[in-house]
Amino acid sequence: SRAASGPARDVEESVWASRLLSNTKAPSPSGAQREATTTLQPSGLQWHMAAVAAPPLRALGLHGWRTNAALLSIQTRRLESVLGGKTALDITYLNGPIVASNAADQSIEKMVAGPFHEWWDANETEDGEQEYT
């Protein structure tokens, strides 16, 4: 029997590559698959795949109402740690464009220094409606 070619070969190669990366044991091929799968394991593939380093996951951190980027950085430390640290997760923290008059809560002021920010502001108009800026 002949080895798989074209799209079938591409699928088989990607299956073997994913198994090598995840360190799971591949099931033993049987019948016609045995020849195809054994020819799809070029020597050195595992070394080549391990040598390729993945870039860090990039994320944008937008803080909540009347807080700031410093507080969000504290709040996301555990997430960063679980995902592998700063080399695995690159978070860019931004402050809102509007400087708030105070923090959303007094406990926030005890955790981080101001200024505190908002992404928008709401003002009450003369007729009692809310106007967002």
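Guide: Gladly. Keep in mind that this is a predicted model. Start with Pro 97, which touches Glu 118 and Trp 119, leaving out residues up to four places away in sequence. Pro 97 sits in the loop between β2 (89–94) and β3 (98–99). From Pro 97 to His 117 there are 20 residues in sequence and 6.8 Å in space, C-alpha to C-alpha.

Visitor: Why does Pro 97 count as exposed?

Guide: Its relative accessibility is 63%. Exposed means over 50%. Pro 97 is over that mark, so the label is exposed.

Visitor: What makes Arg 58 and Asp 90 a salt bridge?

Guide: The closest N and O atoms of Arg 58 and Asp 90 are 3.6 Å apart. The limit is 4 Å. The value lies within the limit, so the pair is a salt bridge. This pair links distant parts of the chain: Arg 58 is in strand β1 (residues 57–62), Asp 90 is in strand β2, and they are 32 residues apart.

Visitor: Are Arg 58 and Asp 90 buried, partly exposed or exposed, and how do you know?

Guide: Arg 58 has a relative accessible area of 65%. That is over 50%, so Arg 58 is exposed. Asp 90 is at 30%. Buried means under 20% and exposed means over 50%, so Asp 90 falls in between and is partly exposed.

Visitor: How many salt bridges are there by this rule?

Guide: The count is 3. One of them joins Arg 66 and Glu 118, with the closest N and O atoms 2.7 Å apart. The pair links distant parts of the chain: Arg 66 is in the loop between β1 and α4 (69–75), and Glu 118 is in strand β4 (residues 117–118), 52 residues away. Arg 66 and Glu 118 are both buried.

Visitor: What makes Lys 86 and Glu 80 a salt bridge?

Guide: Their closest N and O atoms are 3.2 Å apart. That is within 4 Å, so Lys 86 and Glu 80 qualify.

Visitor: Which residues make up the largest nonpolar core?

Guide: There are 6: Leu 71, Ala 100, Ala 103, Ile 108, Val 112 and Phe 116. Ile 108 is in contact with Thr 67, Leu 71, Ala 103 and Phe 116, leaving aside neighbours within four places in sequence. In soluble globular proteins, nonpolar side chains tend to be buried together.

Visitor: Which residues form a nonpolar patch on the surface?

Guide: Leu 57, Leu 79, Val 82 and Leu 83 form it, with about 370 Å² of accessible area together. Val 82 is in helix α5 (residues 77–82).

Visitor: Why does Val 82 count as exposed?

Guide: Val 82 is at 53% relative accessibility. The cut-off is over 50%, so Val 82 is exposed.

Visitor: And the whole chain?

Guide: The chain has 6 helices and 6 strands. From the N terminus, the order is α-α-α-β-α-α-β-β-α-β-β-β. Of its 133 residues, 21% count as buried. The accessible surface is about 9,800 Å², with 55% belonging to carbon and sulfur atoms. Among contacts between residues at least 6 apart in sequence, 57% join residues at least 24 apart.

How values were computed: Residues numbered from 1 in each chain as written. Predicted model: local features only at pLDDT ≥ 70, side-chain atom pairs only at ≥ 80, totals over all residues. Heavy atoms only, no water. Core = buried A, V, L, I, M, F, W, Y, C linked by side-chain atoms within 4.5 Å. Buried < 20%, exposed > 50% of the residue type's maximum accessible area, 1.4 Å probe, protein only. Contact = heavy atoms within 4.5 Å. Helix = DSSP H or I, 4+ residues; strand = E, 2+ residues; numbered from the N terminus. Salt bridge = Lys/Arg side-chain N within 4 Å of Asp/Glu carboxyl O. Areas by Shrake-Rupley, 256 points an atom, 1.4 Å probe, with all protein chains shown as cover. Patch = residues over 30% accessible without salt bridge, like charges linked within 9 Å, V, L, I, M, F, W, Y side chains within 5 Å.
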